[in-house]
Amino acid sequence: MKISRKNVGILGLHVIRAGLVINIGWNGVAKFTAEEATAIEPLVRRSPLMSWLLDAAPLRTVSSAIGVVELGVTALLAAGTTSQRANDLAVLGAAGMFVGTSSFLVTSIDYDLGPMPPDPFILKDIVLLGAALALAVGTPAFEKEGAPIATGAIEA
């Protein structure tokens with residue numbers, strides 16, 4: 001059996017999608033718990049992009065709303081294996097989420113402690129942003145006979 005770069009690339013896209021579904025879905029479900037709401041409160045409070053949410057609603061409601069968004073993106077990612085529209089919406093949703101949470105890199109660091117690295121919990125969002133963007137090329141289900149894989153949101 002010969003292993004081609006194309007097949008490895010396709011497998012990589014499937015692994016990326018599965019990883020995003022598990023990661024975002026798991027975190028989305030957790031947002032409905034009091035523990036997770038308490039854990040994200042300092043991040044949300046310090047974020048210029050998200051702090052207004054705590055003025056508009058109680059912490060548990062904000063956390064649950066974030067969970068609903070995450071679970072929606074998870075569903076779109078799962079549906080994106082067979083639907084180009086779902087794939088494109090999932091890419092936009094996930095990328096938007098990870099751009100937003102990557103802003104915590106600036107707002108969550110306690111600079112009084114000196115040159116400490118950011119929390120790995122936040123650093124991972126840079127990698128997850130790249131993973132979400134990698135899915136913009138589409139999925140093998142959308143490939144037409146003899147056409148390149150890039151039939152998704154971004155054309156080759």
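A residue is taken as buried when its relative accessible area is under 20%, as exposed when over 50%, and as partly exposed in between. In this predicted model, D125 has a relative accessibility of 5% and therefore counts as buried. D125 forms a salt bridge with K124, and the closest N and O atoms of the pair are 2.8 Å apart. K124, at 26% relative accessibility, counts as partly exposed.

Side chains of opposite charge can pair when their charged atoms come close. A search of the whole structure finds four salt bridges. Two of these involve K31. One joins K31 to E36, with 3.3 Å between the closest N and O atoms; both K31 and E36 are buried. The other joins K31 to E70, where the closest N and O atoms are 3.5 Å apart. This second pair links distant parts of the chain, since K31 lies in the loop between helix 1 and helix 2 while E70 belongs to helix 4, 39 residues apart. K31 and E70 are both buried. Through shared partners, salt bridges join K31, E36 and E70 into one network.

Helix 2 covers residues 34-46. Its 13 residues should span 18 Å at 1.5 Å a residue, and its end C-alpha atoms are 19 Å apart, in agreement with that expectation. Helix 2 bends by about 40° at I40, and a proline, P42, follows within four residues. The buried residues in helix 2 are E36, A37, I40, L43 and V44. An α-helix has 3.6 residues a turn, so residues three or four places apart point the same way. The cover over the buried residues of helix 2 includes helix 1, helix 3 (52-56), helix 4 (59-79), helix 6 (104-107) and helix 7 (120-134).

Residues V62, S63, S64, I66, G67, E70, V73, T74 and L77 of helix 4 are buried. Their cover includes helix 1, helix 2, helix 3 and helix 5 (84-102). S63, in helix 4, counts as buried because its relative accessibility is 0%. Apart from neighbours within four places in sequence, S63 is in contact with K31, E36, A37 and I40. Of these partners, K31 and E36 form a salt bridge with each other, and I40 marks the bend in helix 2.

T107 lies in helix 6. With 18% relative accessibility, T107 also counts as buried. When neighbours within four places in sequence are left aside, T107 is in contact with R46, S47 and P48.

F32 is located in the loop between helix 1 (5-30) and helix 2. With a relative accessible area of 35%, F32 is partly exposed. L133, in helix 7, is likewise partly exposed, at 46% relative accessibility. L133 and A90 are separated by 43 residues in sequence, and their C-alpha atoms are 9.8 Å apart in space.

Definitions and conventions: Residues numbered from 1 in each chain as written. Predicted model: local features only at pLDDT ≥ 70, side-chain atom pairs only at ≥ 80, totals over all residues. Heavy atoms only, no water. Helix = DSSP H or I, 4+ residues; strand = E, 2+ residues; numbered from the N terminus. Buried < 20%, exposed > 50% of the residue type's maximum accessible area, 1.4 Å probe, protein only. Expected span 1.5 Å × (residues − 1). Bend = angle between axes of the 7 residues up to and from the residue. Contact = heavy atoms within 4.5 Å. Salt bridge = Lys/Arg side-chain N within 4 Å of Asp/Glu carboxyl O.
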